[in-house]
Amino acid sequence: MGDCEAHLPSPPGSGPGLDPGPPQAPDHVASNRALWDAWSPKWVAMGRHAWASDDPDWGIWSVPERDVRALPPVDGRDVVELGCGTAYWSAWLARRGARVVGLDNSSKQLATARTLQQEHTLVFPLVHADAEHAPFRDQSFDLAISEYGAAIWCDPYRWIPEAARLLRPGGELVFLRNSILFSLCAPDAEEPAGDRLLRDYFGLHRLEWTDDGAVNFSLGVGPIIRLFRENGFEILDCIELQAPSGTPVAVGGNLARAPGAALSSVGEAPMSYAIVKFPEPREVFIDDQAQGSNLSATGRPRILFVNAGIHTFRLGGNDSDPASQQVDVAECPILDPFVGEFKKC
Ligand SMILES: C[S@@+](CC[C@H](N)C(=O)[O-])C[C@H]1O[C@@H](n2cnc3c(N)ncnc32)[C@H](O)[C@@H]1O
């Protein structure tokens, strides 16, 4: 297991092994920290409820892990939760025999986690740090997990390379993030996502919520696949969670930030659930001569990912008429992109 000392974030791009990624305002870690410190009292009850359960589940719809089956065996494994909040996922994994470390950017969230540890007599290391610059040695963990933590609050061009650095060969990264559709259709105000595309799919990256100043991140299908592969990850699966039938189309609450509150009027918009594995070191064979075939000259399958349709969903229209810039989601089979098939190369 790696070092677990408290650690304040370094300036972006200065940490070991980091890809600085595209230019970013360096402020999102500090501003999100202030927000989460302020919001933390609202998350105590939810954290206490989750700690009391022993049936792990995922996301705002509490889809049971026994159905999702995203996780590898964790007994005896070194696990880090990146953006653990009140650390209920860490607790669930610790009860299953993992040597777990919870990391979070908010000292107030960690204070709640510490209280809940005392209440349940279940103590594991909690580290106050930025998941984009985690204070652990290379290859310290077998599993990195994030449920709406680093997965949405950290810049993927920083935290994905960092997760790769932290994992041992053969380790796995399992994370839950919002669906891309949500990122495109969620208004800035604290309201459910609507049935209109409010943002351009292309260039999707940093999301600034003007109502409260929160900064989230989301990447489109192509960029995130490229990012995984650039960092040595092999995509094992991409599970899209669906709201259980009967989930009310509720109002009042931003899907990303009000667990349990609202189902978007977009319908049962799935939450994207990506599971990627950090493989044993291997070579990637690319054979330009093999065009037209999905086999390289070595006989190994290459990734064949046809992402039809996205290019038809650009926001267009007349600048002076915002309504003309909106595209009916009903016309946009944008839910489909993550259903691509990923093969080992
Ligand atoms: C929605 S909570 C996710 C935790 C837990 N699954 C939950 O739902 O309570 C988001 C957490 O991400 C943390 N976070 C935000 N930015 C972070 C960063 N740069 N590094 C680590 N954690 C971060 C926040 O402090 C917050 O506790």
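The axes of helix α2 (residues 44–52) and helix α5 (residues 107–120) come within 10 Å and cross at roughly 35 degrees. Here axes are lines fitted to C-alpha atoms, for helices over the stretch in contact, and angles run from 0 to 180 degrees between N-to-C directions. The model is predicted: local features need pLDDT of at least 70, side-chain atom pairs count only at pLDDT 80 or more, and totals for chains, interfaces and linings use all residues. Residue numbers start from 1 along each chain as its sequence is written.

**Overall make-up**

- The chain has nine helices and 11 strands; helices (H or I, at least four residues) and strands (E, at least two) are DSSP runs, numbered from the N terminus.
- Of the 345 residues of the chain, 42% count as buried. A residue is buried if 20 or more other C-beta atoms lie within 10 Å of its own, exposed if 12 or fewer, and partly exposed in between, with C-beta atoms placed from the backbone.
- Among contacts in the chain with a separation of 6 or more, 70% join residues 24 or more positions apart. Two residues are in contact if their C-beta atoms, placed from the backbone, lie within 7 Å.

**Helix α2 against helix α5**

- The crossing of α2 and α5 is right-handed. A crossing is left-handed if the near helix is turned anticlockwise from the far one by less than a right angle, and right-handed if clockwise.
- From α2, Val44, Gly47, Arg48 and Trp51 meet Thr112, Leu116 and His120 of α5.
- By class, the contact of α2 with α5 has three nonpolar, three polar and one charged residues. Ala, Val, Leu, Ile, Met, Phe, Trp, Tyr, Cys and Pro count as nonpolar, Asp, Glu, Lys and Arg as charged, and the others, Gly among them, as polar.

**Helix α7 against helix α9**

- Helix α7 (residues 156–166) and helix α9 (residues 221–230) have axes that come within 10 Å and cross at roughly 35 degrees.
- The crossing of α7 and α9 is right-handed.
- Pro156, Tyr157 and Ile160 of α7 make the contact with Ile224, Leu227 and Phe228 of α9.
- The contact of α7 with α9 has six nonpolar, no polar and no charged residues.

- Strand β6 (residues 141–147) is largely enclosed by the rest of the structure, because seven of its seven residues are buried.
- Strand β3 (residues 78–82) runs parallel to β6, and three bridges join them. Two strands pair if DSSP finds at least two bridges between them.
- Seven of the 10 residues of β7 are buried, so β7 is largely enclosed by the rest of the structure.

**Surroundings of the ligand**

- The ligand is surrounded by 23 residues, and the closest are Gly83, Gly85, Asn105, Ser106 and Trp153. A residue is near a molecule or strand if its C-beta atom, placed from the backbone, lies within 6 Å of it.
- At least two residues of the shell come from each of α1 (28–39), β4 (99–104) and α6 (150–153).
- Helix α1 gives the most to the shell, with three residues.
- The shell divides into 11 nonpolar, eight polar and four charged residues.

**Individual residues**

- Most residues other than glycine have a negative phi.
- Alanine 87 has a positive phi, near 70 degrees, and is found in the loop between β3 and α4 (88–95).
- Alanine 87 is buried, with 29 other C-beta atoms within 10 Å.
- Threonine 121 also has a positive phi, near 45 degrees, and is found in the loop between α5 and β5 (126–128).
- Threonine 121 counts as exposed, because it has 6 C-beta neighbours inside 10 Å.
- Leucine 181 is found in helix α8 (residues 180–185) and counts as buried, with 24 C-beta neighbours inside 10 Å.
- Leucine 181 and arginine 196 are 15 residues apart along the chain, and their C-alpha atoms are separated by 9.6 Å.
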